[in-house]
Amino acid sequence: MTDKKKTAIYPGSFDPLTNGHIDIIERALDIFDEVIIAVLHNPSKKALFAMDERVKMIRQSFNGTNSVKVDSFGGLLVDYAKMKNAVAIIRGMRALSDFESEFQMALMNRKLNKEVQSVFLMTGFRWIFTSSSIIKEAAQFGGDIRDMVPEAVHIKMMEKYPPIKESEE
């Protein structure tokens, strides 16, 4: 048996990080020694937060957790995983609808690098309805998202979408 540290990559846009993501990361830490949250640079997506803002919010959310690293990357995920000596790619799944695209990605990653496993973790029931896009939409229209995102994210979301003031008549 080897004493080599088992590292997993949790990739995504994290625009923004949600408590559903946190749930997946905390459970991944029960399996792996280290999780690298890899913020994907995806030029085809219009992000609400710049890459450096997303990385900073995630770091603030995990401040003091030595087993969680935060990084950004572009290019092939399996190449990044190999560079980081990761043994697995973590993917969170909320519903059956996530399965088909995640399965295709996992098969392609497996074809490109058989040494990196895909590990699927189901989102906790409490977070099954949340997604970054739904949270952004709720915040944009004045919805209270405080219990769906870490505090650092909530503060930045309120800067982007200040509370709507009711007009005086």
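User: What is the relative accessible area of lysine 160?

Analyst: Lysine 160 has 34%, so it is partly exposed. That class sits between buried (under 20% relative accessible area) and exposed (over 50%), with a 1.4 Å probe and protein chains only. The model is predicted: local features need pLDDT of at least 70, side-chain atom pairs count only at pLDDT 80 or more, and totals for chains, interfaces and linings use all residues. Residues are numbered from 1 along each chain as its sequence is written, and side-chain values use heavy atoms, without hydrogens or water.

User: Which side chain meets lysine 160 in a salt bridge?

Analyst: That of glutamate 53, at 3.9 Å, N to O. Lysine 160 is in helix H6 and glutamate 53 in helix H2, so the pair ties together parts 107 residues apart in sequence. A salt bridge here is a side-chain nitrogen of Lys or Arg within 4 Å of a carboxyl oxygen of Asp or Glu. Helices (H or I, at least four residues) and strands (E, at least two) are DSSP runs, numbered from the N terminus.

User: And lysine 84, what does it form a salt bridge with?

Analyst: Aspartate 71, with the closest N and O atoms 3.4 Å apart. Lysine 84 lies in the loop between helix H3 (77-83) and E4, while aspartate 71 is in strand E3, so this pair ties together parts 13 residues apart in sequence. Lysine 84 is partly exposed at 31%. Aspartate 71 also counts as partly exposed, at 23%.

User: Which residues do shared partners join into one network?

Analyst: Glu53, Lys156, Glu159 and Lys160, through salt bridges.

User: How many salt bridges in the whole structure?

Analyst: The search finds 10. One of them pairs arginine 27 with aspartate 23, at 3.1 Å, N to O. Both lie in helix H1, 4 residues apart, about one turn. Aspartate 23 is buried at 15%, whereas arginine 27 is partly exposed at 29%.

User: Switching to the core. Which members touch the most others?

Analyst: Leu17, Ile25, Ile37, Ile58, Phe62, Ile90 and Met157, out of 31 residues in the largest nonpolar core. At least two residues each come from several elements, including strand E1 (7-12), H5 and H6. A second, separate core has 11 residues, among them Ile36 and Leu77. A nonpolar core is a set of buried Ala, Val, Leu, Ile, Met, Phe, Trp, Tyr and Cys residues joined through side-chain atoms within 4.5 Å.

User: Which residues of H5 are buried?

Analyst: Ser132, Ile135, Lys136 and Ala139. They cover an arc of only 100° around the axis, which puts them on the same side of H5.

User: What comes after H5?

Analyst: Glycine 142 follows, with a positive phi near 85°.

Key: Arc of directions from axis to C-beta.
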